[in-house]
Structure formats: structure tokens, C-alpha cells
2 protein chains.
Amino acid sequence: MATITVPHPVPDVSEDCEQLRKAFEGWGTNEGLIISILAHRNAEQRKLIRRIYADLYGEDLLKSLEKELSSDFERAVLLWTLDPAERDAFLAYESTRMWTASNRVILEIASTRSPYELLLARQAYHARYKKSLEEDVAAHTTGDFRKLLVPLVSSYRYDGPEVNMALAKSEAKILRKVVSDKAYNDDELIRIISTRSKAQLNATFNQYNNEFGNAITKDLKSDPDDHYLSALRALVKCFTTPEKYFEKVLRLAINKLGTDENALTRVVTTRAEVDMQHIKEEYQRRNSVALDRAIRVDTSGDYEAMLLALLGHENA
Amino acid sequence: MATITVPHPVPDVSEDCEQLRKAFEGWGTNEGLIISILAHRNAEQRKLIRRIYADLYGEDLLKSLEKELSSDFERAVLLWTLDPAERDAFLAYESTRMWTASNRVILEIASTRSPYELLLARQAYHARYKKSLEEDVAAHTTGDFRKLLVPLVSSYRYDGPEVNMALAKSEAKILRKVVSDKAYNDDELIRIISTRSKAQLNATFNQYNNEFGNAITKDLKSDPDDHYLSALRALVKCFTTPEKYFEKVLRLAINKLGTDENALTRVVTTRAEVDMQHIKEEYQRRNSVALDRAIRVDTSGDYEAMLLALLGHENA
């Protein structure tokens, strides 16, 4: 469930555009006005605003925002204003350029979006970067990570609810064998995890748990410092309990010495319209503190206001 | 260029449907009438005919055709009548089920369709088989072939004309190294061939030829009986000169002791609306005989008439 709130009735698009233009004009920028509009419009409405704004003022709204805003607040507003597929393309592109073994962004996009959303991100990637997502991932990653990430971003999984239980049993056995042998980069493991539907994978992981007495994520913990193993665990979580995966990203981002604003901004802007309500509940349960409160402590100013607005604060 | 001919003005869809229904009724089937309609309608028109036919008679046209027709003629009419994306899904599905190392259908679909057409085929595969194309390919192929085919069918290449010449040079060098080492299943070779755009691949292969004095297809001939090597050569051809690839498939199908009707039907039905004119010219050049004539010699009856109609014979 989404957390953003949209006023009823929603103001006319051209009025939104005029107000935004007004926020940019004169001495200083009216950040509050920008938040009060953009943070309270859904993806479709923001898209329309961008189109009409360009018609009215002959400039891409993103360009105007870039000129007026700065630092973490700028990044949050820009990411939020982007169409979700364009945003994913942008985040993935950025990640390939500064890829490290601990970077989870590509994996996260490949596994927490619906198969069709991933496809739209790949199309947006073509349009924006004149290349395919998979060729950039292949060119900028190495070793086991490349072996895992390229098929992941290339997948177009079946998205239906049908589950083949016999297959779940046989593939749980394959996974068990691979995990027992510590052959974590095995072709079969990668085949299963990068091609099967999420419903099927869920059944397979359940079967693994039932048959072998342990969650596969537990068995993938033989070496807690191994980045590849930790990526595999993250992947299983992304497929089965994405809210727990995102909760952990937020927890680590906030509890870090020096907040990880990039991770915080990414999770809030990409999930506010999807499952942020669920993630908030998970955060409260796991940390005994509300996510909003944790964010208030760790951030400030317009950036804080923007994040809180996306988390559902009406007057932020 | 396509070879099929469509009458001007094209008859009303409901009239086409009535005529088809008439062809199925009474004693015997009027195959000539079926050909005269379906073989002379383009994909969009056939799609409309299927929809209106189902509305009018409460039965899928494909079902009616299946009941009335038989053997090679039936297969040709059914394949032709299918929407191109559905047809590719069907052919790919069939191929995974009877996959052998000499089967080129999956490779052909993955490399001779545009990136977007391949995507449509994957969507049709979901809709029809409740699974993804890549999971079936992964589950039914093995070894080097799996390593090659899964990324090939998963690719969504960039489709623009932009070429990076520095990249073409560096990747031609990589390919040369791989080929010299006879490491034909090397990760880098598979990465390049399964992710780069066709324009980029073409530049890379040209660069290879310029720099090392041999076409890469020539260097991939170290063992003419190796099915995997021959698949790699076929793949390079599919990317750079698809008409030559298809000419060879037709040549082998026709010159076989006992024509290979499946291959013949596949190439004619999948290319008649795309580049069959080009393939015909290539066939004439390579065999000093017209494709139409070769088909006349090797086939007969309604099947022959159907193929010739798709090759552009007005009165077939």
C-alpha cells in the first residue's frame, strides 16, 4: 500500500504548473510550495504536470528543479518527479557506473519490480542511454556478480499465480545440493532464481524449508562477510518478503554513522507509491520506533519535509 | 521486402469470414478458397478475421482450420494464420519440447526478430503457456547451448543505429582472443553476442575482419561437425545477413532426401511478410534456380499452392 496522499479534488494541471513556476521565480525558491504540489500527486499526475509544464514554459520541469534545488532535497525531488520506469533506468545506470560488490540497486530493481515494470525500465533505459540495461550491467560487473545480475535484469518472468508443486520439490532439492556443496555460483541455482516466476520461487523456497528444516536464507549464511552470499540472501528476500528487504535497507541507512541519504531517498521515492505502508509497519515492528520519527531525527529542512510528505504527512 | 499480395480493395472482413465458413461446409473442404483468402491478407487483416470469425461463429478460426485440414498444408495454414508473436511463441515452445543440438529454431527467433518482436513473442509465450520462454529454454537445453540460448532469448537489445567504434575495436579483440583459444563458450563471447545491439555487433564483426584478415564465421569453422560451433556461425549470419541464413535453411530443407517440410513451412510463413523477397533473390543467386521452382518440384497439392501464394503467386 502506498503512503502518499493526493488532495480531492486534485487541482487543475495548469494551475499546478503555474504554482511550480511561481515557486521558482523571484528571490529564493519556495521549497514548501514545491513539496506541497509534487509530493502529493501520483505518477500519472506528475507525468501530466511535466508534459504541460514543458508546453507552457518551453523547459523540462526536471531542468527547472535542477536549477533551483540542491543536495539531498534536489535528488529526492528529481527522483520522485521522474516516471517510475525512467527512475529505475536512472538508478540502474548510476549503479552500473559506480558498481561495487556491496551495491544492491541493480539486484533490487530486477527483483522487486513486477516483470512488466522491469521491462518498462529496460525500455526507458534504451530511450535514455541508447544502450540496453543488460549490456551495461554485463560490461560493468564481474565474476559471480555478473553471472547473477545479467540474467536477473534480462528476465521477463511469468507473472501469474500458477505453481507447479512437483517442480518446486525437484528444484528445492537442486538448491539444497548446491547450497550443501557451497557451489553458490552454480548454473542451476542461477537458472532457477533468474527464470522462475515469483510464485514458483516462493513455493520452491517453502519446499526447501519444509524438506530440509531451514530457510534457504539461513543456509546461505555460511560466511556473513561474503558480499555475493549476502546478495543471494537479499535476492531471496526481495522475492518473498520485499518489505523486510526494504526495512533493512532503511535501517542500515538510518543507523549508519552519517546517514546514507542515497539509500534513504531511493527507498522512499521508489516505494512511496507501492508498498511503503507495509514497509513502515515492518520498520516499527523491527525497530520499536516509527520510521517517520527515525527520519525526523536523522534528516532536516526541506529534505526531511519531502521524505515525510512521501510517507503520508499531509502538511509536510 | 514481403512477398505476399493483398487485393485492392480488400474484401470486407465479415465477407472473408463468410467465405471461409463456406469453405468448411458441406462435403469436402474448399482448400483453394481458404488459400485465396488467408494467404492474401496481412497480419493485421488476419487478426481481424480471427476476431470477427469468433464473434460470428463462436469458434476460433484456428480450431475450424484444424478440423478441416491435414498434414503439411494444415501446418502451413495454421502457422500463417497465427499472429507473428503467437507463431514465434508456438515455434519456440515446440522446439524446447523436441530440442536437439541441431535445432536452430530458438536461436533463429532470438536473433532474426527485432528486439521488440522478440519481446512480443515472450509476452505471447506467457499468455499461452503460463511460463516464461527463458525458463523453458533453460529447463530443456543443456551445456554450452544453454549457456548461449538462455541469454539470447532473454535479451532486449538496443535497437538504434548508434555505433561505438572504440568498443567495436576492443570487443573484436576479445572475440579474436576467444576464437584463437578455441574457448567458444567463453563468458565474454556470450556476453557480447547476447547483449550488444545488432548495429554494434555488425561493427564488431567488421572490425574483426579488417583487423585479423578473416571473417569471424570462417574462424569459427575449426570443426565443421561441431553443432555448437555451427550454431555460433548461424548466429553471426542471423545478425548480419539473415537472408543468407534463411537461404541456407531453405536449401538444406529442399535438397534433403525427403524434403524437410517443417523447416520449409517455418521459413516461408515467418518471412513472407518480412524479407522473403530478399531471401528469394539470395536463393536464386546461390542455387541458379528460382525458389518457387524448387518448391514446385519438391511439394505438391494444396501445400504447394499455399507456399507459392505466400511467395507472391497471385493465382495460387
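# Reading salt bridges and contacts in a two-chain model

Guide: Welcome! Let's start at the place where the chains meet: four salt bridges are counted between chain A and chain B. Keep in mind that this is a predicted model.

Visitor: How should I read a salt bridge, and which side chains meet in one between the chains?

Guide: In general, side chains of opposite charge can pair when their charged atoms come close. Here, B:Glu135 and A:Arg196 form such a bridge, with an N to O distance of 2.7 Å.

Visitor: Which parts of the chains supply the other residues of the contact surface on chain A?

Guide: Helices α8 (115-129), α9 (133-140), α10 (143-154) and α12 (187-195) of chain A each give at least two residues to the side that touches chain B. The largest share, five residues, belongs to α8(A). By type, that side of chain A holds six nonpolar, seven polar and 13 charged residues.

Visitor: What is the area buried between the two chains?

Guide: The size of an interface is often given as the accessible area lost when the parts come together. For chain A and chain B that area is about 2,300 Å², with 55% of it from carbon and sulfur atoms. In terms of residues, 26 of chain A are in contact with 26 of chain B, and 16 residue pairs across the chains are in polar contact, both partners at pLDDT 80 or more.

Visitor: What confidence values come with the prediction?

Guide: Where pLDDT is low, the predicted coordinates should not be read in detail. Chain A has a mean pLDDT of 95, and 99% of its residues reach 70 or more. For the complex, the predictor gives an ipTM of 0.83 and a pTM of 0.90.

Visitor: Now within a chain: with which residue does A:Arg97 form a salt bridge?

Guide: The partner is A:Asp136, with the closest N and O atoms 2.9 Å apart. Because A:Arg97 sits in helix α6 and A:Asp136 in helix α9 of chain A, the pair ties together parts 39 residues apart in sequence. A:Arg97 is partly exposed at 34% relative accessible area, whereas A:Asp136 is buried at 2%.

Visitor: And what about B:Glu135 and A:Arg196: are they buried or exposed?

Guide: B:Glu135 is buried, with a relative accessible area of 4%, and A:Arg196 is buried too, at 3%.

Visitor: Which residue of chain B pairs with B:Asp16?

Guide: B:Asp16 pairs with B:Arg41 in a salt bridge whose closest N and O atoms are 2.7 Å apart. This pair links distant parts of the chain: B:Asp16 is in helix α1 (residues 13-24), and B:Arg41 is in the loop between α2 (31-38) and α3 (43-57), 25 residues apart. Salt bridges can also share partners, and one network made this way joins A:Glu135, A:Arg146, B:Glu171, B:Glu188, B:Arg191 and B:Arg196.

Conventions
Residues are numbered from 1 along each chain as its sequence is written. Chains are lettered from A and ligands numbered from 1 in the order in which they are written. Side-chain values use heavy atoms; hydrogens and water are left out. Contact means heavy atoms within 4.5 Å. Buried area is the accessible area (1.4 Å probe) that two parts lose on being put together, summed over both. A polar contact is a pair of N or O atoms within 3.5 Å; within protein, one must be able to donate a hydrogen and the other to accept it, and residues adjacent in sequence count only if both atoms are side-chain atoms. Helices (H or I, at least four residues) and strands (E, at least two) are DSSP runs, numbered from the N terminus. Ala, Val, Leu, Ile, Met, Phe, Trp, Tyr, Cys and Pro count as nonpolar, Asp, Glu, Lys and Arg as charged, and the others, Gly among them, as polar. pLDDT is the predictor's confidence in each residue, from 0 to 100. Buried means under 20% relative accessible area, exposed over 50%, partly exposed in between (1.4 Å probe, protein chains only).
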